Amino acid sequence: MLKNIVIFGEPATGKSTIAKKLSFKLPNYKIVESSDGLIVPIARHFKKLPSNYNTLLYSLEKIVDKNLAAKAPINRKDAREIFSSLVKQYFPSFIAETFENIYSKKYPTAPLIFTGVRGYENAKYFKKQGYLVVFLKANKEDILERLSKKRGYSKKEILNELKEEDRLYLTKKIEKEADLVFNTSTICVAEIVDKIIKSLIPKKIQECKKCINTNQNPFIKFNKEGYCDVCEIYLKNFDKKALAKELALFKSFIGSGKGKYDIMVGLSGGKDSSATLYQVREMGFTPLAFTFDLGYFHPYIYRRAKKVAEMCGVDYEIIPVRKYITKKMLRSFRKMADLYKRDKKEEFVKDYVAGRREYQGVVRPCWVCRELIIHARYFEALKHGVRAVAIGINEWTSLKQSTSQKKLVVSAIRKLKPFPDKPAVYIVHFPFLIQAKLKDTKKILKKMGWNYYHNVQSNAASCLLACAAEEPLCKNLGFHPDTTRLAREVTVGFLTKKEAKRALQRVRKCKYSVPQVLKKAELI
Ligand SMILES: [Zn+2]
């Protein structure tokens, strides 16, 4: 079934023209004009409108007639009066709901084009019902000229009319709800019609040959062979020898600690961090296992992590990181809370784009958190006299085109050296460094006797903030927020496509909203 269309717009912006042209190109569609299709039939009942909506609906169904308007045209002032009293007597989205009720029954198999409908509440209703909401606008001079030609109004009369329309129908607000907005002063009718038709065709989903990235994510591009750009760069630049050198560097830190420990290991008690801790200790390190306290981890994480550390015979600390929060981070948390409060699709997409392009986004909690975590890892490593921090991340740390070298470096270790006079700290993506696969990790867990979590999970399993964000992100972006992260685990061969997809299948419902979690953590 094709999508229904509804065309809103300011007066004299070409709504009927576009609807007509659309119906030529889309012969299956039925076109219904608001005045002919609803306002005139209602006008017949206007003097004695039944107070019961169902009674009115029933009688309207009987008298709806295409030729009625020609016989009994209605002027704008009367139409406005009818609109106001209907809204008052029944409910704000009266026109939209009645339209839908009557015409989806009258044409049960045909998709519909509604035009000439007014009112912000009606636009909202149509959008909720999955209609393609089109909004037409035009430059003011053009509207003035068109109306004076069409209706012979004076400039003053037109301006009053426009003001009245906007006051009553909140026409300008509709622009924000619309799926498509066109300025008919700058785009020709044919082009508008083409764009509307194009947007009706559902996009074919393309998935990468190797990983689970799809074209639903606007940032993923595909090459001719069907690989996504991430896989393409990775496969072209992965170098086993470079990784072997990094492993040697990593091992050189054994016994290098200034105090009791020579490494810190980030631990949530999930499968990857638990296996990492165990293996790092087996290598001969003396680790300190730690969990950062951000104020929004599930409380059970700390109990679980402590248990794993005990099993490995390793010291464990919960490290509060509040002291590393900067004013800039607090601003980002506030921005995030506002974004989720408004819950608007366009804003989510816009922020996601900014996040991918310039690291300016706040829509993904991990983006905001990352800065804080990196900060905290660096200073805590210095404080504990260690040079390396190992974490259970199954993918590379960086994949960037360097300007000096032709080749990219697929690296498992990130060197942090923010100050020239202070030592460097090395952040190690341990499973990737040793090229572990999920089956290897499972073997290690078995050896440890740790059966806690076998399945691959989204970030929301341990982080309340990610959990609260998961559903709104899926809804507003059209794909699971962890897709890119798990796609990279598939790229490196840690997971199979099937395992990654299974992890993304379930969208977690959280009993708290993002602003609630942030408030609880005292971040806003
Ligand atoms: Zn890929």
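Colleague: Which way do β1 and β3 pair, and over how many bridges?
Modeller: Strand β1 (residues 5-9) and strand β3 (residues 112-115) pair in the parallel sense over three bridges. Strands here are DSSP E runs of at least two residues and helices are H or I runs of at least four, numbered from the N terminus. Two strands pair if DSSP finds at least two bridges between them. This is a predicted model, where local features need pLDDT of at least 70, side-chain atom pairs count only at pLDDT 80 or more, and totals for chains, interfaces and linings use all residues. Residues are numbered from 1 along each chain as its sequence is written.

Colleague: What stands opposite I7 in β3?
Modeller: That's T115.

Colleague: What's the strand order in that five-strand sheet?
Modeller: β2-β3-β1-β4-β5, an open sheet with parallel pairing. β2 (30-33) and β5 (180-183) are at the edges with a single partner strand each, so one side of each has no neighbour in the sheet. On average, neighbouring strands are turned by 20° against each other, direction ignored. For angles, axes are lines fitted to C-alpha atoms, for helices over the stretch in contact, and the values run from 0 to 180 degrees between N-to-C directions.

Colleague: Switching topic, what are the domains?
Modeller: Domain 1 is 5-200 and domain 2 is 240-520, with bounds that come from an automatic or database domain assignment. Their C-alpha centres lie 51 Å apart.

Colleague: And the six-strand sheet, what's its order?
Modeller: β8-β7-β6-β9-β11-β10, open, with mixed pairing. β8 (315-320) and β10 (413-416) are the edge strands, each pairing on one side only.

Colleague: Where does I263 find its bridge partner?
Modeller: In β7, at P287. Strands β6 (residues 263-266) and β7 (residues 287-293) pair in the parallel sense over four bridges.

Colleague: Now helices. At what angle do α16 and α18 pack?
Modeller: About 165°, with the axes of α16 (residues 327-342) and α18 (residues 365-383) 10 Å apart. That makes α16 roughly antiparallel to α18 (angles under 35 degrees count as roughly parallel, over 145 as roughly antiparallel, 65 to 115 as roughly perpendicular and the rest as oblique).

Colleague: Which residues make the contact?
Modeller: M329, S332, F333 and M336 of α16, with V368, E371 and L372 of α18. Residues are in contact if their C-beta atoms, placed from the backbone, lie within 7 Å.

Colleague: Which strands does α18 lie across?
Modeller: β6, β7, β8, β9 (388-391), β10 and β11 (425-429), and α18 runs at about 120° to β11.

How values were computed
Two residues are in contact if their C-beta atoms, placed from the backbone, lie within 7 Å.
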